[in-house]
Amino acid sequence: MQTRKKYIFLTFLASWLLLFFFGGDQLRRFAFFSGRKAEARRNWPRWTDRSLLKSFADPEELQRDGDPSLLSPRERRAAWLSVYRSSRCRMETCFDFSRCERNGFKVFTYPQERGQPISDTYSKILSSIERSRYHTLNPEEACLFILSIDTLDRDHLSGQYVRDVDEKIRGFPLWNGGRNHLIFNLYSGTWPSYTGELGFDIGQAILAKASFDSESFRPGFDVSIPLFSKEHPQRGGHRGWLSQDSVPPKKKYLLVFKGKRYLTGIGSGTRNALHHIHNGQDIISLTTCKHGKDWEKHKDTRCDKDNVDYERFDYQELLHNSTFCIVPRGRRLGSFRFLEALQAACIPVLLSDGWELPFAEAIDWGRAAVVGSERLLLQIPSAVRCIRPERVLAFQQQTQFLWDAYFSSVDKIVHTTLEIIKDRLSPHRSRSRFLWNTLPGGLLVLPDFSTHLGDFPFYYLQHGYSPSKKFTAFIRAVSQAGSLSQPILRLIQAVSGSQYCAQIVVLWSCEKPPPPSGKWPQSAVPVTIIQGSGKLSDRFFPFEAIQTDAVLSLDEDTSLSTSEVDFAFLVWRSFPERIVGFPTQSHFWDAEQGRWGYTSKWTNELSIVLTAAAFYHRYYHSLFTEYLPAALRELVDGLAACEDILMNVLVAAVTKLPPVKVTQRKQHKEVVAQQAECRDGAAGTPPPGQRSPSAPHAAPAKGKGSAGSRRFSQRQDCLDQLADWFGYMPLVSSQLRLDPVLFKDQVSVLRKKYPSLEK
């Protein structure tokens, strides 16, 4: 035992001596032994011949990668903290959810102060919010607040820079340290560093900012928006260059860039190197030094030749004739070129390290853009050449979808920002990334309706879903109280005879109560009576009584047979995202009057299927009532027969597709109703018979008197006002009519499935 202890002691002593002699030098380097603190910043390497070399650089400059105009990491951090003092903000810590639980997601804009300067762009943003369905005039019911102070341009050298913002916002009683506030910003910082400094403390406010640096971006709290010009349209906007689901022609160029070249300062490194990839054939990279007041003071040997080459090519021609477009950083991380490339179906190649891409919380940019590195510029040509043609086509189509869905107007940019914030309030009812990145887009898919893809009419083919095999007949009745007209009795019998009819819902649009249940006709399906308020927009309210996917919208004087209903329903099941029906009308551009016109004459063109007899998906009831702002529904209630035009415009804006017309019996004649309206002076309530599907509307006939002329004029006004509100004309024309197999063919009636349609 003693011998064993002796060996253990000798082994321990030998190990300690070896550690002391061979590792002591390294141990003494630690601050614990030397008593010195470790250096906070890594020094430049100490060369062995340091004493022989003369230093011409300050150690602080060595941290700036050779550009003295760039801030060091320490300086950038200090500048960031001066703006984002609440740098740890999250929705859970800096947002009051209780304000949104009481009245839902409502947005209040501060009233404009007299004499307060405001740019045209910020006026567009405020107008977009005030036109949205979320706007409220009552700050007590608001969930989110928007300042009336223009905070878009925070470059203190700019003429639109607003001073003393800190002092102004502290005087607002609703400010509350920025809690539940949203601040928009496009330009921050100034020459030469262009930091994210805004010149005032945003507190706990959410920042919707262009050119957002990923270091200062607070994930799940801030929103990165695109940089857009002051000419960007308020609503509507220009369509993308590539049509939906179309294959573009082969482009002349593979990769292009045409823009400014910064000779000094931030952003100059990347743009100065772009000439290295120019080959003059399929890769065109053109820069010019000729910008700014003192560009000649900094010009180099390449400037003269670059300026000459720059003028040889047209920017728009390059943009639309190239497959890929380089989008390098400018003075700031973002640039106008990004949205220009998206619209032109030119796949953006992003060279802006550290840029938090616009709406990246919702948008999958990996499907629409190539994200490169500024330090690997020379590898970009070979990288884009390796992308397969089918992948290139998918990229191009995705750029068009994203442009049209989220970026083509100020309205869409602002509404996307609001919808992203709204989704954070209820994560269990938020949109998935699939919904954001697939037609028709996140703005047109309401999570309050459903979060299951099979409940929407857009995703049946993609996921193998199919609409329900039954439909609900929805009849709007405006007959005199206490009686039922003969047309509605025949209509209920014909519709209930369909093998696909699940129920009949009657919207009673009269102030007096409907007839008792004993006076309604016997039906093979349940008949539910709903008391309406008399407004035309009521017919598209999402009533809980409607449980089937398909809705057959009917007027009480509509004349249809069971065969017509059956055939139209089967057609609709093949086109569940469209309106499928019988009476049609069309729109046209009246060049003489400079406005949109409306006609119901028999022509080969159609763009409107009247909801007097039409199938559509019940989701459009929710979209009509909850997506459209109240001002549009009030417009509908004040004009005769405007609600069906608005429904067609809405569906066309969502699907970008025309409606579908199906066969109707030719011998049907338009019924001129002799019945009185259910109440006198009902604004916008047309008497029955004005919209029979038996024949399209012609210009107002003389026999109908001034009432018919007035209603026709109101429809014209309705169409023109809707085009103005949307910013463009969403309606799509078509020459398609679907008939049953063997329709009108000279064959035996026994071989035809719907022979009664030919009678």
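This is a predicted model: local features need pLDDT of at least 70, side-chain atom pairs count only at pLDDT 80 or more; totals for chains, interfaces and linings use all residues.
The protein chain contains 24 helices and 21 strands. It has 759 residues, of which 53% count as buried. Its exposed surface comes to about 36800 Å², and carbon and sulfur atoms supply 52% of that area. Among contacts in the protein chain with a separation of 6 or more, 74% are between residues 24 or more positions apart.

Strands of a sheet pair through backbone hydrogen bonds, either parallel or antiparallel. Strand 11 is joined to strand 12 (residues 501-508) by seven bridges, and the two run parallel. Within strand 12, Trp508 is the bridge partner of Ala477. Strand 11 also pairs with strand 14 in the parallel sense, over six bridges. Here Phe474 stands opposite Ser553 of strand 14. Seven of the seven residues of strand 11 are buried, so the strand is largely enclosed by the rest of the structure. In a regular strand the side chains alternate between the two faces of the sheet. Phe471, Ala473, Ile475 and Ala477 point one way from strand 11, while Thr472, Phe474 and Arg476 point the other way; all are buried.

Helix 21 (residues 619-627) is likewise described by its burial. Seven of its nine residues are buried, so this helix is largely enclosed by the rest of the structure. The buried residues are Tyr619, Tyr620, His621, Ser622, Leu623, Phe624 and Thr625.

A search of the whole structure identifies 34 aromatic pairs. One of them is the edge-to-face pair of Phe338 and Trp355, with 5.4 Å from centre to centre and 75° between the planes. This pair links distant parts of the chain, 17 residues apart: Phe338 belongs to helix 13 (residues 337-343), and Trp355 to the loop between strand 9 and strand 10. Both Phe338 and Trp355 are buried. Another pair, Phe540 with Phe624, is tilted, at 4.9 Å centre to centre and 55° between the planes. Phe540 lies in the loop between strand 13 (527-531) and strand 14, and Phe624 lies in helix 21, 84 residues apart. Both Phe540 and Phe624 are buried. Ring pairs also link Phe338 and Trp355 into a cluster with Phe359, Trp365, Phe401, Tyr406, Phe407 and Trp436.

Trp436, a member of this ring cluster, is also among the residues touched by Glu419. Glu419 lies in helix 16 (residues 410-425). Its relative accessibility is 3%, so Glu419 counts as buried, the cut-off being under 20%. Beyond residues up to four places away in sequence, Glu419 touches Arg133, Tyr134, Arg431, Trp436 and Leu443.

Charged groups placed over aromatic rings were also identified. The charged end of Arg131 sits over the ring of Trp725, at 4.7 Å from its centre. For Arg331, the charged end sits over the ring of Tyr262, 4.1 Å from the ring centre.

Definitions and conventions:
Residues are numbered from 1 along each chain as its sequence is written. Side-chain values use heavy atoms; hydrogens and water are left out. Helices (H or I, at least four residues) and strands (E, at least two) are DSSP runs, numbered from the N terminus. Buried means under 20% relative accessible area, exposed over 50%, partly exposed in between (1.4 Å probe, protein chains only). Contact means heavy atoms within 4.5 Å. Accessible areas come from the Shrake-Rupley method with a 1.4 Å probe; for residues, only the protein chains shown count as cover. Rings of Phe, Tyr and Trp (its six-membered ring) pair if their centres lie within 6.5 Å; planes under 30 degrees apart count as stacked, over 60 as edge-to-face and the rest as tilted. A charge sits over a ring if NZ of Lys or CZ of Arg is within 6 Å of the ring centre and within 35 degrees of the ring normal. Two strands pair if DSSP finds at least two bridges between them.
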